[in-house]
Protein chains: 4
Amino acid sequence: MNSSNRRFSNQSSVDRKLVEQEEQRNDIGFGTKITHSQSRLINKDGSFNITRINDSLWDRLNIYNRLITMGWAQFFSWLLLAYLFTNTLFAGVYMLAGSDTLKGVDDRALNGPFWKCFFFSSQTLTTVGYGHISPDSFLTSCIAAFESMIGLLAFALATGLLYARFSRPVAHTRFSRIAVIAPYLDVNAWMFRIINTRANQLIDLNITVSLSRIEPKADGTPTRKYYGLNLERSKVTFFPTNWTLVHPITSESPLYGCTPQDMETSDSEFLISFQAMDDTFAQSVHTRYSYRHDEIRWGHKFRPMFDGSQQGTVTLDLNRLDDTEEIALN
Amino acid sequence: MNSSNRRFSNQSSVDRKLVEQEEQRNDIGFGTKITHSQSRLINKDGSFNITRINDSLWDRLNIYNRLITMGWAQFFSWLLLAYLFTNTLFAGVYMLAGSDTLKGVDDRALNGPFWKCFFFSSQTLTTVGYGHISPDSFLTSCIAAFESMIGLLAFALATGLLYARFSRPVAHTRFSRIAVIAPYLDVNAWMFRIINTRANQLIDLNITVSLSRIEPKADGTPTRKYYGLNLERSKVTFFPTNWTLVHPITSESPLYGCTPQDMETSDSEFLISFQAMDDTFAQSVHTRYSYRHDEIRWGHKFRPMFDGSQQGTVTLDLNRLDDTEEIALN
Amino acid sequence: MNSSNRRFSNQSSVDRKLVEQEEQRNDIGFGTKITHSQSRLINKDGSFNITRINDSLWDRLNIYNRLITMGWAQFFSWLLLAYLFTNTLFAGVYMLAGSDTLKGVDDRALNGPFWKCFFFSSQTLTTVGYGHISPDSFLTSCIAAFESMIGLLAFALATGLLYARFSRPVAHTRFSRIAVIAPYLDVNAWMFRIINTRANQLIDLNITVSLSRIEPKADGTPTRKYYGLNLERSKVTFFPTNWTLVHPITSESPLYGCTPQDMETSDSEFLISFQAMDDTFAQSVHTRYSYRHDEIRWGHKFRPMFDGSQQGTVTLDLNRLDDTEEIALN
Amino acid sequence: MNSSNRRFSNQSSVDRKLVEQEEQRNDIGFGTKITHSQSRLINKDGSFNITRINDSLWDRLNIYNRLITMGWAQFFSWLLLAYLFTNTLFAGVYMLAGSDTLKGVDDRALNGPFWKCFFFSSQTLTTVGYGHISPDSFLTSCIAAFESMIGLLAFALATGLLYARFSRPVAHTRFSRIAVIAPYLDVNAWMFRIINTRANQLIDLNITVSLSRIEPKADGTPTRKYYGLNLERSKVTFFPTNWTLVHPITSESPLYGCTPQDMETSDSEFLISFQAMDDTFAQSVHTRYSYRHDEIRWGHKFRPMFDGSQQGTVTLDLNRLDDTEEIALN
């Protein structure tokens with residue numbers, strides 16, 4: 001390899017330091033340039049607060065993903081609409097091919113030829129095929145043969161979508177609405193807590209928390225910085241009760257010496273990434289959450305969620321997730 | 001960042017020690033406050049012994065999870081019930097719409113108009129549609145068109161549920177009913193063993209064992225403590241025969257110097273988390289098990305499970321899983 | 001915790017050494033007691049050569065697993081048999097309920113009442129429901145309503161099984177029929193090679209090789225020992241061509257100084273565990289293979305599999321997988 | 001173990017060095033012998049540029065894989081063809097068995113007996129079964145019973161394929177068409193960037209980059225070498241915007257001192273392996289990409305993709321992915 005033509009700086013030790021320093025950025029994917037935004041980075045539903053333009057229509061529609069993630073009522077409404085639309089379409093085609101070739105019933109009982117075609121179409125699409133209306137010409141037989149194939153494929157698609165919807169791994173966790181800053185050992189700590197709202201078990205939980213805030217560069221221009229926060233414990237094997245996540249504000253914490261005022265000025269946001277294993281299907285589940293500076297209660301601690309009134313059994317009261325009480329900080 | 005307003009202790013070296021010490025807790029998710037319970041933490045079926053209140057009705061029902069994990073007899077009973085209920089419902093609707101618009105058979109042969117509607121409904125729901133009963137009015141045709149769509153979706157759902165049930169990754173492992181404390185090299189060891197009850201292969205097995213027991217704090221109040229137990233081997237690649245898990249009770253073990261009496265007093269429970277890969281589908285399988293102090297045989301060892309009577313082949317006798325014999329401890 | 005009652009040895013440093021020594025066993029799950037067997041541990045199809053007795057009938061049948069792993073011809077034969085059996089069964093039930101209540105055709109055209117019942121059953125089970133035979137009594141209508149539900153569920157089951165069969169992650173790799181011992185750098189090395197027989201891509205391959213052989217203990221009794229073998233490279237990211245796995249026989253290798261005679265005496269077997277990611281579905285695929293002492297060619301090396309006859313393109317000739325040629329050993 | 005028969009070199013320290021040296025090869029699976037090819041190793045669609053001969057017909061067809069990965073239009077065309085072919089086949093069988101035993105309609109309305117058989121076949125295969133044509137002999141009843149079973153299985157297969165197609169994990173990422181060499185801190189760096197074209201989220205991204213080029217051995221024969229390239233950051237947790245991958249060309253980089261001319265001479269190609277987690281289904285997604293020497297712009301940098309025109313929201317313009325501008329190198 002010819003390397004005589006060196007146009008590069010050869011201050012390699014300096015280079016490496018700079019590179020290493022740059023590597024220590026804890027940017028988790030948002031980049032450092034989002035500084036003018038006064039809104040949150042991660043929405044409450046776990047999506048990102050970024051607008052995209054010039055994506056293709058197909059990518060923007062993202063049909064499969066939408067059909068999987070929309071609510072059940074909306075999903076069934078779309079199914080019903082598609083069913084009615086397809087039947088109307090094919091009813092039109094049968095009308096063009098001649099409704100009189102669909103034999104077997106008196107049109108008038110079914111409100112005229114269009115509805116006869118419509119009902120014949122529905123009986124073909126669903127393959128129920130009573131036969132009291134049946135195609136009695138070459139053309140309508142062809143259309144019916146095609147429609148019944150379409151029908152089977154359409155319901156095959158619906159079967160797949162239904163299965164995909166209910167087998168999709170979703171973390172049914174609830175985060176406390178607010179985080180607190182409470183005393184912890186000899187220091188204070190930033191804390192939030194979560195519960196599993198479902199009876200099915202989550203195992204091997206893993207949580208990471210990053211702090212994002214705007215800081216001025218040496219030249220005074222604002223830049224967005226990211227810090228990984230050390231947690232007292234970031235993994236648990238089982239999740240049968242509630243779990244309180246604790247970031248102790250020791251002198252190494254980026255929160256050390258920070259006041260509520262500082263947090264507001266710097267547009268601080270705590271970004272949480274949650275991962276666990278759903279035990280029922282051994283599927284990995286993921287979710288995101290964030291707390292902004294105005295969702296933190298200074299000098300509050302969480303009240304226990306165990307209900308002591310029922311002797312002999314360990315009872316968790318899910319309604320107490322957000323219960324806090326005042327406490328003096330260290 | 002303004003940090004003049006320091007309200008925090010700056011004993012950072014002390015702080016870190018405390019934090020680190022706290023980090024060494026081996027709590028696996030139950031917390032330290034479950035001390036009044038005299039029942040087990042993990043049930044024999046792997047679920048957690050925790051009662052939950054104030055969870056929402058929907059979360060408590062957890063329908064999908066129940067339909068997946070209930071027994072096959074119960075599952076098919078629910079399917080049959082749903083089928084009968086839906087047909088009865090639609091039969092009622094057809095009665096309201098006028099059973100005389102369902103033409104083609106003599107009502108009396110089918111025990112009257114209700115049953116004619118019921119059977120017509122079943123023929124529509126399953127899309128069998130013989131056609132010897134057929135809708136001969138606009139209204140009943142509409143209902144039938146709707147019912148046949150519902151029918152296809154319902155059976156699509158059933159297809160999905162059936163597939164989800166039999167493709168669900170389940171570890172068909174059997175744990176020995178009791179654990180033993182037997183001599184091992186120069187010390188004693190706590191042991192249990194497991195087998196794969198199915199012929200399909202499990203690979204890359206991974207087992208962790210924790211000891212949970214109640215200990216008094218410095219001030220005498222009881223607190224629940226957790227210890228990870230070192231295993232002689234906690235991973236194997238293949239699992240063709242039985243596997244005996246061995247925790248040697250060396251001086252570093254929390255069991256060192258412990259008597260059966262101690263175990264009972266401290267409400268000791270061994271919590272086991274099992275993970276493996278099912279070879280057929282390359283799916284991860286998980287299960288949990290626990291041994292309480294009264295499920296441990298002191299001074300017993302497991303008898304080999306190999307059956308020597310059949311020469312030339314290696315034969316494993318699954319019935320011998322729980323066979324132990326007395327042996328003097330070190 | 002009361003620890004006065006110490007019945008344990010307190011030679012903790014000695015204990016730990018022994019435990020650590022024991023930990024170094026590389027047993028991969030077969031145990032040390034299989035010494036009388038003169039047959040292989042891992043069969044050529046990747047299954048284990050272990051016989052099991054006293055497993056329950058249900059576990060031995062392992063129906064789901066069998067239906068998934070049997071050949072396609074066998075699978076479809078079972079489906080056809082189940083279809084014929086179910087129709088015969090229901091035909092019998094219709095005969096008992098009275099074949100004359102199934103109306104619409106002349107029995108004689110269908111070879112008598114049994115076959116009329118049989119064909120009616122098949123038309124109900126598959127929900128084809130022509131209606132030229134139809135149930136005209138309360139009892140047969142009930143049976144038909146039940147059968148059509150059974151039919152839909154049965155085909156739902158078949159749908160699930162079909163999907164499970166073709167979506168099952170299987171590694172379509174072929175191992176060279178023999179391994180070789182060939183010169184490698186300044187030493188010799190034990191080598192085998194593999195190819196991907198399919199056009200779909202495998203990525204992130206990972207191979208581990210263990211040597212299993214029978215060695216005498218200090219007291220002369222034979223015991224089965226396991227050694228992990230170091231590979232020149234045990235991971236590759238892509239697998240577009242063939243891959244030759246190389247274990248260099250340096251002085252640290254358990255094969256160092258070993259002769260073909262030694263291998264035979266000690267019943268040596270090389271156990272291979274293969275893992276990769278199928279790119280099409282991002283599924284993990286696993287397989288096992290083994291070479292016994294009589295499947296190793298000493299003083300042979302593999303010939304290249306590239307076909308040089310076609311200029312300009314890189315061409316891999318799958319037929320050359322097992323091609324070797326003699327070479328002098330170091 | 002008898003080890004008297006030592007035929008091996010005992011220069012073990014030398015051996016190990018050589019082995020270790022060899023281990024440092026960063027070959028990612030293509031091997032060192034592909035030197036005559038002047039075409040790329042990885043195609044733009046992520047497949048490998050290797051020709052295979054003598055693979056079996058079955059392996060070459062690889063039907064399942066093809067049906068999963070072909071385009072939707074092609075897939076539906078094959079389905080339609082299979083449907084027409086199967087119906088034609090069964091129509092022929094019914095003709096042989098006697099088309100006059102299919103009763104109920106006047107042949108002439110359907111263009112003669114063949115088409116009557118064809119339409120009856122389609123009504124049986126899809127289980128629509130109107131019944132206006134029905135089998136009225138033992139033989140045709142048998143064929144129809146068989147065809148309806150085949151029909152259900154075929155559509156079960158289609159259901160599975162459809163589900164497999166749309167649930168397949170695919171990374172909808174777009175790589176910048178060109179890579180650049182731009183100044184970075186005190187050195188220069190090789191850079192490319194990627195975006196997520198879909199609205200669904202990718203998390204836990206992981207990218208590795210290897211450089212492949214032909215270098216002469218000590219004896220002058222060309223050999224293909226591989227180098228893993230250090231990236232400023234190779235992992236991010238979230239991927240809401242664009243991500244620029246940066247390889248700083250420090251003195252440790254294999255690109256250090258390299259000119260455009262060098263790259264062309266050595267047939268340099270940058271091989272990229274991309275892995276992430278699709279958040280919707282918690283599925284792992286993989287893709288590959290490569291840049292050849294003629295796809296690198298020296299002395300260009302990427303322009304930001306954020307659109308500053310819309311105040312208050314963070315807006316990403318996907319059209320700007322390939323936008324670069326000239327810049328002087330360090």
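The legends below describe close-up views of a predicted model.

Local features are described where pLDDT is at least 70 and side-chain atom pairs at pLDDT 80 or more, while totals for chains, interfaces and linings use all residues. Residues are numbered from 1 along each chain as its sequence is written, chains are lettered from A and ligands numbered from 1 in the order in which they are written, and side-chain values use heavy atoms, with hydrogens and water left out.

**View 1. The annotated segment of chain A.**
The UniProt record, an unreviewed entry, places the feature "domain: Potassium channel" at residues 96–163 of chain A; UniProt positions are given in the numbering used here, feature names are shortened, and annotations may be inferred rather than shown by experiment. Helices (H or I, at least four residues) and strands (E, at least two) are DSSP runs, numbered from the N terminus.

**View 2**
Strand 7 (residues 202–216) and strand 8 (residues 222–228) of chain A are antiparallel and joined by seven bridges; strands pair if DSSP finds at least two bridges between them. Pro216(A) is placed opposite Pro222(A) of strand 8. Five residues separate the two strands of the hairpin, in which Gly220(A) has a positive phi near 90 degrees.

**View 2. The interface of chain A and chain B.**
Here 77 residues of chain A and 80 residues of chain B are in contact, that is, they have heavy atoms within 4.5 Å. About 7,100 Å² is buried between chain A and chain B, with 62% of it on carbon and sulfur atoms; buried area is the accessible area (1.4 Å probe) that two parts lose on being put together, summed over both. Tyr130(A), Phe238(A) and Val314(A) provide 11% of the area that chain A buries against chain B, more than any other three residues.

One salt bridge is counted between chain A and chain B, a salt bridge being a side-chain nitrogen of Lys or Arg within 4 Å of a carboxyl oxygen of Asp or Glu. Asp279(A) and Arg288(B) form this link, their closest N and O atoms being 2.8 Å apart. Chain A and chain B also have 16 residue pairs in polar contact, both residues at pLDDT 80 or more. A polar contact is a pair of N or O atoms within 3.5 Å; within protein, one must be able to donate a hydrogen and the other to accept it, and residues adjacent in sequence count only if both atoms are side-chain atoms.

**View 3. A strand pair across chain A and chain B.**
Strand 15 of chain A runs parallel to strand 1 (residues 51–53) of chain B, with three bridges between them. Leu316(A) has Arg52(B) as its bridge partner in strand 1 of chain B.

**View 4. The interface of chain B and chain C.**
Contacts join 77 residues of chain B to 80 residues of chain C, and the buried area is about 7,100 Å², of which carbon and sulfur atoms give 61%. Asp279(B) and Arg288(C) meet through their side chains in a salt bridge, 2.8 Å from N to O. Strand 15 of chain B and strand 1 (residues 51–53) of chain C are parallel and share three bridges. Within this pairing, Thr315(B) is opposite Thr51(C).
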